[in-house]
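Colleague: I am new to this structure and would like to learn how to read its features. Could we take them one at a time?

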Amino acid sequence: MENLINRTLGGYSLVEELGKGGMAIVYKAYQPKLERWVAVKVLDPLYITDDSEVLARFRREARAIAALRHPNILTVYDYGEEEGLAYIVMEYVEGGTLKERLTGEPFDWQRAVRLGIALGQALAFAHDQGVIHRDVKPANVLLASEDWPLLADFGLVKLQQARRALTRPGMTLGTPDYTAPEQALGEKIDHRADIYALGVVLFEMVTGKLPFASEKAFEVLLMHINELPPRPRDLVADVPEMVEDTILKALAKSPDDRYPHMKDMVADLESAWAMALAAQQPDLPRADETIHHATVQIESIQSFLSGPRFTVTGTGALLPIPPKDTVLIGRADPRGHITPDIDLAMYGGSTAGVSRQHARLLRQDDTWLIEDLRSTNGTYVNEQPLPPDQPTPLKDGDSVRCGQLILTFHTGETKDKGQGTEDE
């Protein structure tokens, strides 16, 4: 495929090559009309020459991907065909890929779980829309920030399979290191192949290694089919047992032995994350020391998952609201002069325009109210700006934006009304 740098496609000026795959080249491009940078993926003409079926599939896939609007899915802006070239225009992300962060050293397991939750939520959303990714891997995860992953290349790999099937029978779909056994065998796949692939990505993040590795792609595929993966805790001792169990269940050889749905895997990851949060909260009520440690853990997890909380859009991180009548939301002062009850600094608050004393939650009986504290970039509820110092009631599911950081408010379980824990 010829180099297209300095060419213009559909009003997009291609200025730099960002990456090259088996079926396309991605360029950084400038869109003068909207004065913004975008990424343009140009399909290799060899895939569409004299093959109207493949081009029609490419168009359908572009429409399907553009309809996937989720905080952890890369946004598709446009599709076009010009001078024998077909291309998709996407959001441009400067942060690079997850693959570039995987250097052979394990991630802190909490960070790995946060990324896994966000990716799992994106895949669960896509699965609900009838879209299977088929090629979940670190190279297809862009990082808007260190804890904000964006999943790219939804559905496009299916086009690659269709083309290869015409010319190279027996070719498997996806990338060997992250390929589910049924994929490696050339069998029909469903959403559970994505669950397997996410399990591999999590394994690699928490251990720094792939579960199966060889210089020969065919040998890797045979390992996925026939061999059991190592236990993550045998490689990194501080990986929690709950995280290890989640990964190994996702890596089951038979799809029937994996999680039935991606949201079930996400729920287990959220429980592991809630346990980590519970361990870090000195103000949580402690059970009697004679109670078994496992019971204490379960009660802590339940309190985090069922109590009032925010979730961070983009990362899926859980932010429990402390049991206080007044709760300060903001960004910790590095000199220690200000310590907010909910510190948004670690979730990108510094670059998202969150003030050190940004907003305040007030509890009145069973109702939570929020007020802006004359922050620099404002506080918004469901995209409506709040006048400073005027408390506004919050409802379950309300969107709260502090600067550019978006949270979702959850009231949690209302025990006196006999309600169960709400779905996330």
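Modeller: Start with cavities. A cavity is a set of grid points where a 1.4 Å probe fits but cannot get out. This is a predicted model, and the largest cavity in it has a volume of about 70 Å³. Eleven residues line that cavity, and the closest to its centre are Ile-65, Val-76, Met-90, Asp-153 and Phe-154.

Colleague: How many cavities of 30 Å³ or more are there?

Modeller: The count is two.

Colleague: Where does His-70 lie, and is His-70 buried or exposed?

Modeller: His-70 is in the loop between α1 (52-66) and β5 (76-82). Buried means under 20% relative accessible area. His-70 has 18%, so it counts as buried. A polar atom of its side chain is 2.9 Å from the backbone nitrogen of Asn-72. Beyond its neighbours within four places in sequence, His-70 is in contact with Gln-121, Ala-122 and Phe-125.

Colleague: What is the span of helix α3?

Modeller: Helix α3 covers residues 109-128, 20 residues in total, and reaches 28 Å from its first C-alpha to its last. That is close to the 28 Å expected at 1.5 Å a residue. The helix is mostly covered, with 17 of its 20 residues buried. At its start, a side-chain oxygen of Asp-108 comes to within 3.0 Å of the backbone nitrogen of Gln-110. Gly-130, which follows α3, has a positive phi near 80 degrees.

Colleague: Which residues other than glycine have a positive phi?

Modeller: Most residues other than glycine have a negative phi. Glu-35 is one of the exceptions here, with phi near 50 degrees. Glu-35 sits in the loop between β3 (24-31) and β4 (36-43), and at 64% relative accessible area Glu-35 is exposed. Asp-389 is another, with a positive phi of about 60 degrees. Asp-389 is in the loop between β16 and β17 (392-393), and its relative accessibility of 37% makes it partly exposed.

Colleague: What is the strand order in the open sheet of six strands?

Modeller: Strands of a sheet pair through backbone hydrogen bonds, either parallel or antiparallel. Here the order is β10-β9-β19-β18-β15-β16, with antiparallel pairing. The edge strands, β10 (318-320) and β16 (384-385), each pair on one side only.

Colleague: How many bridges join β15 and β16?

Modeller: Two bridges join β16 to β15 (residues 379-381), in the antiparallel sense. Tyr-380 stands opposite Pro-385 in β16.

How values were computed: Residues numbered from 1 in each chain as written. Heavy atoms only, no water. Helix = DSSP H or I, 4+ residues; strand = E, 2+ residues; numbered from the N terminus. Buried < 20%, exposed > 50% of the residue type's maximum accessible area, 1.4 Å probe, protein only. Polar contact = N/O pair within 3.5 Å; in protein donor to acceptor, adjacent residues only side chain to side chain. Contact = heavy atoms within 4.5 Å. Pairing = 2+ DSSP bridges. Expected span 1.5 Å × (residues − 1). 1 Å grid on protein atoms, 1.4 Å probe; cavity = no way out; pocket = protein on both sides within 12 Å on 5 of 7 lines; lining within 4 Å. Points joined across faces, edges and corners; volume = space filled by probe spheres on them.
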